[in-house]
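Let's take a friendly walk through a protein model together.

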Amino acid sequence: MQKVANNENIQLMNGKEVSAKSIYSAIIKSMHRCGEPGIVFKDNVEAANPVPNHKYKGMASCAEIGLENGEMCLFSHINLSKFLDRKTNKIDFNSMRESTEALTRLLDNVIDINLAEKVGEDNIASQKRRFGIGVCGFADLLAEMGIPYGSPQAQKVLANCLEVINYSSKKASMNLSKEKGSFPLFEESRYNDRDFLIKHRQDSPINKSLWDKLYNDIQVYGLRNATTTALPPTGSSSRIVGASYSIEPYFDLRHNKIFQKKLGELNLTEQQKQQVIDIVNQTGSCQDIEILPKRFRDVFKLGNEINYASHLRMVGTAQKFVDDGISKTVNLENNATPDDIGNAVKMAYDLNLKGIAVFRDGCLVERNQ
């Protein structure tokens, strides 16, 4: 990216030198044409490596976690929408903490089962004991709370949830280390660095003093697990529990129960409500239905109806509180240009994200015509 900015050449593996801009342009054009390739900023991935002497050799298939040879991908997810108190419209962070601590113990036990069954290579999986607690149901949570995706309020909600999960999983991992011992590479890790461990925002549900105590406890007892949080796409998991995907917005409103529930709360006639349902069942979207209040339509914007900057700001917010990476697609309208995609990639780079995937609505249909 620096060589692109400076109009310099890069050297390929075969020794040939080519213009960095020509490579970059080819990548952007391909992303515009078919959504591929996704981009991983390797330096940013490596900067978050808790055991820097063990460099990553590749990425999981959805780019949410860097891996050494023989490492396994072990994930589970918390459905954020289930922690909303519908009476107060506030999130029950205490229950979220308890659930995260329970899930941390469960996943640590799964690591032992996998090691006993020879899943992955013992020498690296057992030395790091990594797993990733992710989330689903974020769009559901925002819709229930009446908060538009990408708004400052949505960023605050996401930051609060992910900080609680990160803190709670680290606290549980510390307690497991006290009970069963730390991951073998702990002494080589960066967890003696306060800034590396503490992922805190002002006015969060986790007081800074709690983070400080946890840091001090970790120096005494260690951690059981090298990493504890990641955000995979949760495609299958979300469908099983009937929740929205990961931290993604909605992609279609057909048969969306929360949309129908919120529609029922509006001051519309039954005929008007049925008219809305009929249009949504045809198009999947509510943005062109003028009888709906603008605020309501803003809450239920689809992924490709949200500008790329809002998508990226959400990823940037999430990345500050997640150990590993984030599988997140930046959805663009069909009329987005290669320049739009180039701007999105540049913004991702400037936000120090670990990766970016961009998909322009309808591009695969165009390619096959």
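## A first stop: K328

In which loop does K328 lie? Find helix 14 and strand 10 (329-332): K328 lies in the loop between them. Before going further, keep in mind that this is a predicted model.

Is K328 buried or exposed? Its relative accessibility is 6%, so K328 counts as buried, since buried means under 20%.

Next, look for V280, which has its place in helix 12 (residues 270-283). With a relative accessible area of 2%, V280 is buried.

## Aromatic rings in pairs

A pair of aromatic rings is described by how far apart the centres are and by the angle of the planes. In this model the count comes to ten aromatic pairs. One of them joins F183 and F186: the ring centres are 5.8 Å apart and the planes stand at 85°, so this pair is edge-to-face. The cut-off behind that name is an angle over 60 degrees. F183 is buried, at a relative accessible area of 0%, and F186 counts as buried too, at 9% relative accessibility.

What kind of pair do Y250 and F300 form? Theirs is stacked, with 6.3 Å from centre to centre and 5° between the planes. Y250 sits in the loop between helix 10 (235-241) and helix 11 (257-264), while F300 sits in the loop between helix 13 (294-299) and helix 14 (308-319), so the pair ties together parts that are 50 residues apart in sequence. Both Y250 and F300 are buried. Ring pairs also link these two with F259 and F296, giving a cluster of Y250, F259, F296 and F300.

## Charges over rings

Rings can have charged neighbours as well. K178 lies over the face of Y221, 4.5 Å from the ring centre. For another example, look at F196: the charged end of K199 sits over its ring, at 5.4 Å from the centre.

## How helices pack

Two packed helices are described by the angle between their axes and by the distance between those axes. Start with helix 4 (residues 93-116) and helix 7 (residues 152-180), whose axes come within 8 Å and cross at roughly 45°. Helix 4 and helix 7 are therefore oblique to each other, and their crossing is right-handed. What sorts of residues make up the contact of helix 4 with helix 7? They divide into eight nonpolar, seven polar and seven charged.

Now turn to helix 14 and helix 15 (residues 338-350), which pack at about 20° with their axes 10 Å apart. That angle makes helix 14 roughly parallel to helix 15, and helix 14 passes helix 15 in a right-handed crossing. Helix 11 and helix 12 pack at an angle of about 155°, with their axes 10 Å apart. Helix 11 is thus roughly antiparallel to helix 12, as angles over 145 degrees are named that way. The crossing of helix 11 and helix 12 is right-handed.

## Backbone details to spot

Most residues other than glycine have a negative phi, and most peptide bonds are trans. With that in mind, where can you find a cis peptide bond? The bond from E36 to P37 is cis, with omega near 0°. P37 lies in the loop between helix 2 (20-34) and strand 3 (39-40).

Two residues other than glycine with a positive phi are worth a look. N89 has a phi near 60°, and its place is in the loop between strand 7 (84-85) and strand 8 (90-91). At 32% relative accessibility, N89 counts as partly exposed. S246 has a phi near 40° and belongs to the loop between helix 10 and helix 11. Is S246 buried or exposed? Its relative accessibility is 0%, so S246 counts as buried.

How values were computed: Residues numbered from 1 in each chain as written. Predicted model: local features only at pLDDT ≥ 70, side-chain atom pairs only at ≥ 80, totals over all residues. Heavy atoms only, no water. Phe/Tyr/Trp six-rings, centres within 6.5 Å; stacked < 30°, edge-to-face > 60°. Buried < 20%, exposed > 50% of the residue type's maximum accessible area, 1.4 Å probe, protein only. Helix = DSSP H or I, 4+ residues; strand = E, 2+ residues; numbered from the N terminus. Lys NZ or Arg CZ within 6 Å of the ring centre and 35° of its normal. Axes fitted to C-alpha atoms, helices over the stretch in contact; angles between N-to-C directions. Parallel < 35°, antiparallel > 145°, perpendicular 65-115°, else oblique. Left-handed = near helix turned anticlockwise from the far one by under 90°. Nonpolar A, V, L, I, M, F, W, Y, C, P; charged D, E, K, R; others polar.
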